[in-house]
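Opening the notebook on a new model today.

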Amino acid sequence: MQFVSTRGGSDPVGFFDAFANGLAPDGGLYVPKNLPLLPSDLLVDDALPYPALAWDILGMFDSDHDSDHLIELIDKSYGDFSDTMSAPLQQIADNLFVLELFHGPTLSFKDFGLQLIGNLFEEQISRTGQTINVLGATSGDTGSAAIHGLAGKKGVNVFVLYPKGRISKLQERQMTCTGADNIFPIAIEGSFDDAQAIVKELMGDLTVKEDLQLSAINSINIVRVLAQAVYYVHAYMQLPPENRDDVNFVVPTGNFGNIFAGWMIHQMGLPVDEFVVATNQNDILYRLFNTGEYTPERVNPSLAPSMDIQVASNFERFLYYHNEKNADATLSQMAEFMSSGSIKIPNFNASNFSASKSTDEDIIANIKRVKEDYNYVVDPHTACGFQDIDSTKTHVVLATAHPAKFPDVMKKALGEVPTEESLEALKEKKIVSYEVEATPAAIQKFIEDHRA
Ligand SMILES: *Cc1c(COP(=O)(O)O)cnc(C)c1O
């Protein structure tokens, strides 16, 4: 399978290069050149274990690895998820299901993409013989998932900048207590945006990027999207037959990567009625799907911080398909967006997306209500998925993180704090974190001194 850029100005590449490049050279995002249909017998095979399903689906896109090698990559990536189902589906009411995506090493769905990415980095190092220094900024889940995807791997060092004192204590421990000597969590004075600006500046300087052999933990890497598509099929296969006709997937959304993965596999034949984009108070996508206008506003920090976004980086993929794969139209709309800061999409058609929005009060109320009505505990992100659900239709809400990661909000909502073994164990471990001045020059120096 070849991957092409949404902006049409880059050569098509195979699976491995699409992974290694992250962003296409013309600034666009990679998408599969065409979307193959799922094999007709796949959806009726209820008993397929997660790795075998991942192999079937990723194998449709990856013609770079032979089958044995791909299965090895998949086993390495998902082998240590705590629940052997990897993504178990829980029924909490007649038509209501929760797909638990928090059984990976850092307890959020980000592990599904970043475990695989970690193993692909390792392969890149052995293919090219060159070491890699991975650099990123995080407001929580991405950084810890990337760190766990790469901890202890040879030839790669990981530098993750985070705003000191502004991420949850447990998220900080997930990054700083790995015990791996190739991991460098860096606390900086300032906000997430300040951290992100430093990363952008260093990555944007091609001399620095080359000298330090920097690679990004990219939120737009197509491999993350492909890896996430697998669990939508896995969810479908776990549904009782009577619930399979009109399935609605509800996805707590920030950068639009997770829900886009579901929509993509639906285009390949997974029967789905509707995809509900569940946003928090940062409602750019809620406004998009209701008006056809895409206009970022200021980020307003919420109780669901991993969804606090200003610009949804995977939006361009939606736009490309909305343009019926017309890359020229996508290029000119993105240019318009970058110059004017907003797009009004011509002939907007929401396809089978709808959207909901939760304020912080809604998040607290939803956590309480889900506990009272269904005796089930959801984290603040997943809580956004429980806004305005029509109980006459089958809904699968994606649980994107474990509630124990967010003790303060859970305490506020329920008066008690859920715990989780691996997080409790972290409290005993030594924190290794570095404090570096929040300037590109100081971070560059730090990487030079600690590089792989
Ligand atoms: C990243 C994240 C999201 C948002 O996912 P996108 O793919 O960016 O839309 C939602 N919930 C949690 C817990 C996350 O970590």
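Is N347 buried or exposed? I looked this one up before anything else, keeping in mind that the model is predicted. N347 counts as exposed, at 75% relative accessibility. I had picked N347 for its backbone: its phi is near 50 degrees, a positive value in a residue other than glycine. I then checked where N347 sits, and it is in the loop between strand 12 (343-344) and strand 13 (353-357).

**Entry: another positive phi**

I noted Q213 too, which is not a glycine but has a positive phi of about 50 degrees. Q213 belongs to the loop between helix 8 (206-211) and strand 8 (214-216). For Q213 I get a relative accessibility of 22%, so I write it down as partly exposed, the buried class being under 20%.

**Entry: the ligand site**

Next I listed what surrounds the ligand. The shell holds 15 residues, and K110, D141, G254, N255 and T400 are the closest. By type, I sorted the shell into five nonpolar, eight polar and two charged residues.

K110 puts a polar side-chain atom 2.6 Å from an oxygen atom of the ligand. For the cover, I noted that the ligand has 390 Å² of accessible area on its own, and the protein covers 96% of that.

**Entry: salt bridges**

How many salt bridges does the count come to? I got 13. I took a few of them one by one.

E122 with K153: the closest N and O atoms are 3.8 Å apart, which still passes because the cut-off is 4 Å. E122 is in helix 4 (residues 110-128) and K153 is in the loop between helix 5 (141-150) and strand 6 (156-163), so this pair ties together parts 31 residues apart in sequence. E122 is partly exposed at 26% relative accessible area, while K153 counts as buried at 17%.

E123 with R127: here the closest N and O atoms are 2.9 Å apart. Both residues lie in helix 4, four residues apart, or about one turn of the helix. E123 is buried with a relative accessible area of 8%, whereas R127 is partly exposed at 45%.

K405 with D141: I read 2.7 Å between the closest N and O atoms. This pair links distant parts of the chain, 264 residues apart, with K405 in the loop between strand 14 (395-399) and helix 16 (407-414) and D141 in helix 5. K405 and D141 are both buried. I also flagged that D141 is among the closest residues to the ligand.

Beyond pairs, I found a network of salt bridges that links D283, R287, E297 and K357.

**Entry: cysteines**

C177 counts as buried at 4% relative accessibility, and C384 counts as buried at 0%.

Conventions: Residues are numbered from 1 along each chain as its sequence is written. This is a predicted model: local features need pLDDT of at least 70, side-chain atom pairs count only at pLDDT 80 or more; totals for chains, interfaces and linings use all residues. Side-chain values use heavy atoms; hydrogens and water are left out. A residue is near a molecule or strand if one of its heavy atoms lies within 4 Å of it. A polar contact is a pair of N or O atoms within 3.5 Å; within protein, one must be able to donate a hydrogen and the other to accept it, and residues adjacent in sequence count only if both atoms are side-chain atoms. Accessible areas come from the Shrake-Rupley method with a 1.4 Å probe; for residues, only the protein chains shown count as cover. Ala, Val, Leu, Ile, Met, Phe, Trp, Tyr, Cys and Pro count as nonpolar, Asp, Glu, Lys and Arg as charged, and the others, Gly among them, as polar. A salt bridge is a side-chain nitrogen of Lys or Arg within 4 Å of a carboxyl oxygen of Asp or Glu. Helices (H or I, at least four residues) and strands (E, at least two) are DSSP runs, numbered from the N terminus. Buried means under 20% relative accessible area, exposed over 50%, partly exposed in between (1.4 Å probe, protein chains only).
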